[in-house]
Amino acid sequence: MALESLMTEFFHDCTTNERKREIEELLNNFAQQIGAWRFCLYFLSSTRNDYVMMYSLTVFENLINKMWLGVPSQDKMEIRSCLPKLLLAHHKTLPYFIRNKLCKVIVDIGRQDWPMFYHDFFTNILQLIQSPVTTPLGLIMLKTTSEELACPREDLSVARKEELRKLLLDQVQTVLGLLTGILETVWDKHSVTAATPPPSPTSGESGDLLSNLLQSPSSAKLLNQPIPILDAESEYICSLALECLAHLFSWIPLSASITPSLLTTIFHFARFGCDIRARKMASVNGSSQNCVLGQERGRLGVLAMSCIIELMSKNCVPMEFEEYLLRMFQQTFYLLQKITKDNNAHTVKSRLEELDESYIEKFTDFLRLFVSVHLRRIESYSQFPVVEFLTLLFKYTFHQPTHEGYFSCLDIWTLFLDYLTSKIKSRLGDKEAVLNRYEDALVLLLTEVLNRIQFRYNQAQLEELDDETLDDDQQTEWQRYLRQSLEVVAKVMELLPTHAFSTLFPVLQDNLEVYLGLQQFIVTSGSGHRLNITAENDCRRLHCSLRDLSSLLQAVGRLAEYFIGDVFAARFNDAHTVVERLVKVTLYGSQIKLYNIETAVPSVLKPDLIDVHAQSLAALQAYSHWLAQYCSEAHRQNTQQFVTLISTAMDAITPLISTKVQDKLLLSACHLLVSLATTVRPVFLISIPAVQKVFNRITDASAQRLVDKAQVLVCRALSNILLLPWPNLPENEQQWPVRSINHASLISALSRDYRNLKPNAVAPQRKMPLDDTKVIIHQTLSVLDDIVENISGESTKSRQICYQSLQESVQVSLALFPAFIHQSDVTDEMLSFFLTLFRGLRVQMGWGLATKRGTFCSFFSLAQLAESILHEGSTGCRVVEKFLKILQVVVQEPGQVFKPFLPSIISLCMEQVYPIIAERPSPDVKAELFELLFRTLHHNWRYFFKSTVLASVQRGIAEEQMENEPQFSAIMQAFGQSFLQPDIHLFKQNLFYLETLNTKQKLYHKKIFRTTMLFQFVNVLLQVLVHKSHDLLQEEIGIAIYNMASVDFDGFFAAFLPEFLTSCDGVDANQKNVLGRNFKMDRDLPSFTQNVHRLVNDLRYYRLCNDSLPPGTVKL
């Protein structure tokens, strides 16, 4: 009674947390007492309070899993006999969660004691299953056994885990036979009593397709039997049996134990999921009981599909099982045909809507596995009709009741298209034969997917899609729908380019006609231009047409990659037609300023018009690689056609580069401009009047500045026009001198306000408000940073000109830096700029800086501030991270320019930054610091290890000379310390760095590492495995231990391992010997790492056992 009132008090709403802690402590203390289980056994048999029963079972669970070794054998026998009796006596009346917990506790005993001390554990379960009264209980015990013993979660020794798995595998055949028997018996029993069904409208189902899919008419007849109606008890037993099968299939290998009759039976039950008639019957009979039954029957279908999926997901299929697989597919496609059967009473979609949602999900999973894992295996069987299967999949896909279902099916088609593409690439000779076989299916797919993205054909569904909320991938539901559909279109295009193009282009043309025809409806009104389309129906039709045009423009853009490269000439005419249309459309939009037009429904039509205009620019941008290829061809023939295309495109872009244009449209225009300047690079670009106009606008101090992102893009384009070498022209025709002068004046104009900030000794300028200064710094540096970043991979000449133009701005930045050292947001931006400079122009900068060593050293004044900055919180940390990134670039530089800085860089890291962050739990700065240390070692190995020619000739006699040893040791110690910290990302990164240094520079073989550090590292890594603190990295840690040990295997086996075991606490001498004996002397990687994991597992297990012994136990 006292326990009952305590438990009730504990779970009562009014109990304070303080009191709950007291009760918890009391209960825990009670559980730890030797003999507490006797009271619990009494509680279990004499109380009906759920809390008390649950608590008592937890005490037993704790006793069995953590203290079992120390329980006297007499007590164990008593527990083993009492708990199953208790279960048998009360299983019908116990709440299901208590009954399941009691089963789990009994299975836990089996996991420890079967078969040695608990020999009838498994036979008892088999007897329970075979006795009709206790079948459900036996099945629950069986499933729990499969869960707990096949892949035991608790710590057991490796030997015991292997023994349990073997014991279970010995029982598999018997168990599967029993389960097959149960399911068949229920089915047959109810089939006999099922009344003759009324002639169903689907009775003519076994048509050609079915006899194709199923070799023998008998199996078709079997699957056509009416589905029996089961009583609740039988339904429950079948669901338990199917759950058992699903779990067993998750770990047993595919083998002959899984018999054809078992598979057929599972398929019988899978039909429950697609049987609408049964659900109808249930709802017609009206009572809620029947409705529940209908749902339960659906659940049986879901469970049966789960079993099928478990078997399907195994990639490794023994030869003798392939026959079974083929049979499984045939039977599942029979079900697929049943689901997608079209008849007068039901459209396919309404049929799918009536099925259980999770059944449809399982079915889709099955189809995905079939295509991704087994199609290549099955396609070669002549008796398996793949094309008919695709027909069914097509119906299934395009009648999905939910968007998610449709997405999942599109994924399956994508897998199929990938499979076809790779098949063709590997067998180019058969390309035509393969394509001919599937051509009709692919064209159908393409047409239907295109129809699905158009409001003209699919308005109701498309309007349901959300186009506002962003998901984790930063796209709306509508964007995801469109993107996934276009991926399928693109993959078909890759396989059938001509078909795809001739399907898509006419549809685009139709919608373009509507858009280009809008000009005739534009009237001039008092306040500007107005679109004179006002009737509600016309507006709606226009809205749909514009939305479709926008989608089709994206589709055409997505296909651009299939017109370039080897096929450029062959598909030139198609591509030229497209690009010409796109240029015309963009110019039309810019000339009649559709983005500023008044409409009858501004909230709908205005965004539509802007979107179409933006998408036409984006689609044209997608063809920039095609234009670049055309440019190099045109260069040889000097065609006017190409010049016209580019000039017209520029005429479309220029009017949009304005603060009056909406951001979406402005940015599309800017991106297109960047592509023309960077990817296409025509020689004549700079002389086009429209481009001159943009130059003038950007360099005009009085012009209004564009939004940040657009300003950066336009400046990048203009800089690239001047800096990037023209394709197909020799160096002496590149006009570098003129371009250099122009670039300098462009940068000068862009940085005018910034350079005026420089403190001047003669006339200290009047103070500008801090916020205004910050704005100027931000605006200028974001533009300059972007220009440098985009030039960093280009030719030396381009980088030289860029650095010359920037020199003054760089000097200004260095001069301003100390003044803003306490404004960490400004410091952050300046350091970002310096980092980009170092990454992109370090060769150009190096000489300048070497001659002005003072400049760079003044830059090092940050070192003194590192400490104060690190105490400033996240912005401070960001600043230090940027600074360390700059140093990472410096230490990687191969020449001699930066070498003199190495000692000060290392001492900055080890003496100033590391001591502050070493003890901090937060990962800030650590990752960057360790990357810098790694790069310092990796790129400056000779700073530590002077390798002479003589030493390398006499390898093995002379050890390499070691220099700067204290610094090397300090760095290694920092790495070792990092492995003792909980941050898993840092652990993984640093382990990778050590392994890389070993691969590239033989770190583990160096004398200093081998003699003073090697086994310390191995020890730390083993301890990490034992403590399970970084379990996700088990494999990587095992490999690292092997690589370290392999430097000196003899030392590892003879000295380190015995020493490691001696120092292990919590295990006795005998156990240490066993651990040592079990660690075989294998020297290959797989066996060695297996031994390491065995050692770690068994060490943990022994400690657990020893903790469970009562105090004072004498160990023999």
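How many disulfides does a search of the whole structure find? The search finds zero. The model discussed here is predicted. The chain has 1116 residues, of which 53% count as buried, and it contains 52 helices and four strands. The points below move from the whole chain to its core, its salt bridges and some individual backbone features.

**The chain as a whole**

- The chain exposes about 50,700 Å², and carbon and sulfur atoms supply 54% of that area.

**The nonpolar core**

- The largest nonpolar core consists of 382 residues. L83 and Y515 are the residues with the most contacts inside this core.
- Helix α9, which covers residues 158–193, contributes the largest share of the core, namely twelve residues.
- Leaving aside residues up to four places away in sequence, Y515 touches L546, L549, V585, Y588, G589, L594, L609, V612 and H613.

**An enclosed helix**

- Helix α16 spans residues 319–339 and has 21 residues. From its first C-alpha to its last it reaches 31 Å, close to the 30 Å expected at 1.5 Å a residue.
- Of the 21 residues of α16, 17 are buried, so this helix is largely enclosed by the rest of the structure.

**Salt bridges**

- The count of salt bridges comes to 37.
- One of them joins the side chains of D113 and R80, with an N to O distance of 2.5 Å. D113 lies in helix α6 (residues 96–113) and R80 lies in helix α5 (residues 73–90), so the pair ties together parts that are 33 residues apart in sequence.
- Both partners of that pair fall under the 20% limit for a buried residue: D113 has a relative accessibility of 4%, and R80 has 12%.
- Another salt bridge is formed by the side chains of E243 and K143, at 3.7 Å from N to O. This pair links distant parts of the chain, since E243 belongs to helix α12 (residues 232–251) and K143 to helix α8 (residues 135–150), 100 residues apart.
- The two partners of this second pair fall on either side of the limit for burial, which is under 20%. E243 is buried at 19% relative accessible area, whereas K143 counts as partly exposed at 25%.
- D538 forms a salt bridge with R541, and their closest N and O atoms are 3.7 Å apart. D538 and R541 are three residues apart in helix α25 (residues 536–558), and are therefore separated by about one helical turn.
- An α-helix has 3.6 residues a turn, so residues three or four places apart point the same way.
- D538 is partly exposed, with a relative accessible area of 36%. R541 has a relative accessibility of 56% and counts as exposed, because the limit for that class is over 50%.
- Salt bridges also form a network, which links E61, K101, K104, D108, R111 and E148.

**Backbone features in loops**

- The peptide bond from W114 to P115 is cis, with omega near 0°. P115 is found in the loop between α6 and α7 (121–130).
- K593 is a residue other than glycine with a positive phi, near 45°. K593 sits in the loop between α26 (572–591) and α27 (602–622), and is partly exposed, with a relative accessible area of 42%.
- N728 likewise has a positive phi in a residue other than glycine, here near 65°. N728 is placed in the loop between α32 (708–723) and α33 (736–750), where it counts as partly exposed at 42% relative accessibility.

**A pair of residues compared in sequence and in space**

- R1010 is located in helix α47, which covers residues 1007–1012, and counts as partly exposed at 31% relative accessibility.
- R1010 and A1045 are 35 residues apart in sequence, and their C-alpha atoms are 9.9 Å apart in space.

Terms used: Residues numbered from 1 in each chain as written. Predicted model: local features only at pLDDT ≥ 70, side-chain atom pairs only at ≥ 80, totals over all residues. Heavy atoms only, no water. Salt bridge = Lys/Arg side-chain N within 4 Å of Asp/Glu carboxyl O. Helix = DSSP H or I, 4+ residues; strand = E, 2+ residues; numbered from the N terminus. Buried < 20%, exposed > 50% of the residue type's maximum accessible area, 1.4 Å probe, protein only. Areas by Shrake-Rupley, 256 points an atom, 1.4 Å probe, with all protein chains shown as cover. Disulfide = S-S within 2.5 Å. Core = buried A, V, L, I, M, F, W, Y, C linked by side-chain atoms within 4.5 Å. Contact = heavy atoms within 4.5 Å. Expected span 1.5 Å × (residues − 1).
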